[in-house]
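Here is a protein chain to explore, one topic at a time. Have the viewer open as you read, and look up each residue when it comes along.

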Amino acid sequence: MQETVQAATSAQTLTVALIGNPNTGKSTLFNSLCGGKARVGNFPGVTVEKKVGKYRFGDRNITLIDLPGTYSLSPRSDDEMVSVDVLLGRKKEVTAPDAVVCIVDASNLERNLYLFSQIRDLNLPTVLVLNMWDVANSRGVQIDVEQLSERLGVPVVTTSAHRREGIEGVTAAVLQAVENPGTKAVRLFPAEFYDEAQKLDEWLVSNGEPATHLFLRERMLLDIRGASEDAASQADQSKLKAYLEEARGRLAASGHRIPAIETKLRYDWIRQQLDGVFTRSETDHRLSASDRIDKILTHKVTGMIVFALIMLLIFQAIYTWSGPFMEMVEGLQNGANEIVGGMMGPGTLRSLLVDGIIAGVGSVIIFLPQIVMLFAFISILEDCGYMARAAFLMDKLMTKVGLSGKSFLPLMSSFACAIPGVMATRVIENRRDRMVTMLIAPLMSCSARLPVYMLMIYTFIPASLLFGFLSLRGTVLFSMYAIGAVLAIPIAWLFKKTLFKGETPPFVMELPPYKWPSPKIVFDRVYDRSKAFVVRAGTLIFAVTVVVWALGYFPGDHTTQHQLAQQIETLQASPEENAEEIDKLSAEYDDVSGALIRESYLGRMGKAIEPVVKPLGWDWRIGIGAVASFPAREVIISTMGTIFSLGGEVDEEDPSLKDALSNATWPDGRPLFTVPVALSIMVFFALCAQCGATLMVIRRETNSWRWPIFTFVYMTGLAYIAALLTYQIGTSLMG
């Protein structure tokens with residue numbers, strides 16, 4: 001029985017799905033066809049990115065859907081099920097495809113045709129694209145394209161997408177396939193299997209399920225505990241699973257054991273199709289340049305050394321090289337503040353514009369240099385073929401905590417900033433690994449925590465030596481950076497055993513041949529990912545910043561504060577002559593500002609939580625600082641300056657702030673800040689999810705509010721317990 005997917009588009013418009021194995025140049029072909037113009041989002045309810053582009057070919061408007069890279073259409077999770085649902089027209093928000101373009105690596109045809117053989121079962125007009133044609137030719141691979149097309153029954157096109165060669169032929173072949181639909185499913189399986197698929201259809205109908213596509217029924221039978229088992233919406237799931245077990249038992253009894261039968265039959269079919277069509281020359285059997293390079297880059301010693309050097313370079317770029325650009329953003333933000341200040345006097349509107357809107361925009365753009373740096377490196381490493389080697393090298397280490405080698409780069413980059421780190425988890429195909437990596441990435445100590453560490457360490461930790469040679473301050477700083485990474489190991493293990501439990505899939509990755517990265521491809525990828533951050537995550541970050549401004553501004557009467565600000569600005573026209581008066585008014589302004597923030601909604605929240613933070617050794621002033629820092633950790637420095645009437649312009653090295661903290665006392669005269677309190681604050685900041693931007697990016701990447709809320713709750717709980725233990729144990733030991 002032949003079943004087809006009903007196309008939904010008109011004759012003048014076509015919807016085409018693009019699918020292929022990872023590292024076959026699929027994204028490059030997509031960008032070449034669409035000219036880099038694409039709408040990027042997420043499919044509802046899953047973490048799978050939806051990338052749709054449009055272009056015109058002759059009198060046809062083409063909509064191209066870029067499906068996630070995959071080695072097969074055997075879905076194991078809801079995320080992997082997305083590709084099957086799109087191809088079968090089961091996704092309401094996506095038009096059912098009129099045709100499918102399956103892209104393969106021409107030099108590795110036998111392995112790549114496995115996915116093609118499954119796509120043929122869909123009965124959709126299909127085009128096979130042999131990409132990396134130039135690489136295949138250089139390796140002495142010969143393919144009789146015309147005969148291959150005849151055997152497979154589909155148009156076959158050769159391309160070198162990174163050189164933009166053969167691109168026009170792809171759409172022409174799609175039109176040919178659509179106008180001459182001769183595609184027939186490959187009936188690889190024995191008659192008993194198709195009988196069982198037919199019985200399954202009858203069983204589903206008798207249990208209230210509408211007609212189910214043959215491909216989906218085949219997947220239900222073939223994929224034990226796969227996501228397709230849950231695709232039937234009406235049938236009783238437990239009854240369906242029991243029925244499938246019985247059907248598989250009948251097939252096994254007839255000598256067709258599931259799932260082994262599929263792999264054997266498909267590869268037998270592939271070898272038959274390629275016999276006499278695909279040949280390799282003697283030179284291809286000798287070591288290629290990529291093989292020789294791999295002898296160094298994948299070696300357990302030299303490979304790790306090169307890997308460490310590359311990671312060090314990336315870390316330096318994110319942490320150091322982006323610094324001047326971030327300072328440039330800050331300079332632009334300060335310039336905008338001055339322009340607004342010159343246009344209007346102190347007041348609520350100016351505060352909203354400067355502290356709410358401009359600060360909100362600045363809080364988005366400030367991360368852009370780091371994101372551009374990271375994704376530039378990732379794109380270069382992906383396009384030249386090294387990223388697959390890096391994942392291979394780190395897989396053995398990361399497997400010990402239940403993750404794969406691809407988790408290493410996102411976690412390492414999170415030491416500079418968790419935002420690009422979370423976004424870098426896109427390189428991880430496995431949903432469970434990606435989610436766990438995303439949830440533990442904020443535990444890595446990012447650069448925003450450093451000002452807090454520096455203030456506490458250089459104010460309260462003695463400048464003494466441990467064992468006569470180790471700096472105590474340096475050891476404490478190292479401990480703060482290490483604590484998150486150390487705790488991430490058991491937390492990742494716990495998540496994999498509970499929230500994301502399931503069979504760990506074998507680490508399968510092809511090592512593509514090395515090539516020079518294409519500047520255009522690198523630029524397009526960096527542009528797409530940076531734009532995605534600014535447009536979608538950025539709007540959420542901006543909104544959070546404005547809300548926090550409102551909480552810190554209202555409901556106090558700012559009349560006196562604004563009058564003082566106006567007087568100071570007037571006197572600053574002649575700062576030297578009015579220096580004494582400016583200092584006097586500035587001190588008064590700081591006192592008023594401190595009182596206002598204490599009485600603001602934010603301040604009231606800090607006072608309300610004093611009973612909660614008191615076991616940590618904190619009073620309400622530290623509580624306000626912690627609450628105000630939830631949008632961004634570094635805010636605590638200026639908040640503490642305001643609370644202690646020093647103004648919001650102080651930094652972590654300001655002597656007056658250090659003195660104010662050192663002299664702060666409880667009502668009974670006891671010092672507020674002690675070494676255990678300082679350690680408690682640092683541990684709390686090391687582990688707490690005090691970064692609204694990171695949470696918003698997790699929301700954007702997971703397409704759900706559930707996971708940023710979960711991240712906030714588990715990290716805040718972990719930070720509280722760790723800070724409590726630090727203070728209580730530290731106080732007990734130090735008396």
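This is a predicted model: local features need pLDDT of at least 70, side-chain atom pairs count only at pLDDT 80 or more; totals for chains, interfaces and linings use all residues.

Residues are numbered from 1 along each chain as its sequence is written, and side-chain values use heavy atoms, with hydrogens and water left out.

**The whole chain**

- The protein chain has 32 helices and 11 strands; helices (H or I, at least four residues) and strands (E, at least two) are DSSP runs, numbered from the N terminus.
- Of the 735 residues in the protein chain, 53% are buried. Buried means under 20% relative accessible area, exposed means over 50%, and partly exposed is in between, using a 1.4 Å probe and protein chains only.
- Among contacts (heavy atoms within 4.5 Å) with a separation of 6 or more in the protein chain, 75% come from residues 24 or more positions apart.

**Helices that meet**

- Helix 3 (residues 109-120) and helix 10 (residues 260-274) have axes that come within 9 Å and cross at roughly 115°. Axes are lines fitted to C-alpha atoms, for helices over the stretch in contact, and angles run from 0 to 180 degrees between N-to-C directions.
- Helix 3 passes helix 10 in a right-handed crossing. A crossing is right-handed if the near helix is turned clockwise from the far one by less than a right angle, and left-handed if anticlockwise.
- Residues that make this contact include Leu113, Tyr114 and Phe116 of helix 3, and Tyr267, Trp269 and Ile270 of helix 10.
- Helix 20 (residues 450-460) and helix 29 (residues 655-663) have axes that come within 10 Å and cross at roughly 65°. Helix 20 also passes helix 29 in a right-handed crossing.
- On the helix 20 side, Leu455, Met456, Tyr458, Thr459 and Phe460 take part, and they meet Leu657, Lys658, Leu661 and Ser662 in helix 29.

**One face of a helix**

- Which residues of helix 25 (residues 601-608) are buried? They include Leu602, Gly603 and Gly606.
- Seen down the axis of helix 25, the buried residues fall within an arc of 100°, so they line one face of the helix. The arc is that of the directions from the helix axis to the C-beta atoms.
- An α-helix has 3.6 residues a turn, so residues three or four places apart point the same way.

**Aromatic rings**

- Rings of Phe, Tyr and Trp (its six-membered ring) pair if their centres lie within 6.5 Å; planes under 30 degrees apart count as stacked, over 60 as edge-to-face and the rest as tilted. By this rule the count comes to 17 aromatic pairs.
- The rings of Phe495 and Tyr714 have centres 5.3 Å apart and planes at 85°, so this pair is edge-to-face. Phe495 is in helix 21 (residues 472-497) and Tyr714 in helix 32 (residues 706-734), so the pair links distant parts of the chain, 219 residues apart.
- Phe495 is buried, at 5% relative accessible area, and Tyr714 is buried too, at 13%.
- Ring pairs link Phe495, Phe500, Trp707, Phe710 and Tyr714 into a cluster.
- Arg389 lies over the face of Tyr514, at 4.0 Å from the ring centre, and Lys607 lies over the face of Trp620, at 5.2 Å. A charge sits over a ring if NZ of Lys or CZ of Arg is within 6 Å of the ring centre and within 35 degrees of the ring normal.

- Gln561 is found in helix 23 (residues 559-571) and is buried, with a relative accessible area of 10%.
- Leaving out residues up to four places away in sequence, Gln561 touches Tyr589, Val592, Ser593 and Leu596. The C-alpha atoms of Gln561 and Ser593 are separated by 6.8 Å, although 32 residues apart along the chain.
- Thr425 is in the loop between helix 18 (418-424) and helix 19 (431-440), and is buried at 0% relative accessible area.

**Backbone details**

- A cis peptide bond, with omega about 5°, joins Phe554 and Pro555. Pro555 lies in the loop between helix 22 (519-553) and helix 23.
- Asn703, in the loop between helix 31 (692-702) and helix 32, has phi near 60°, a positive value in a residue other than glycine.
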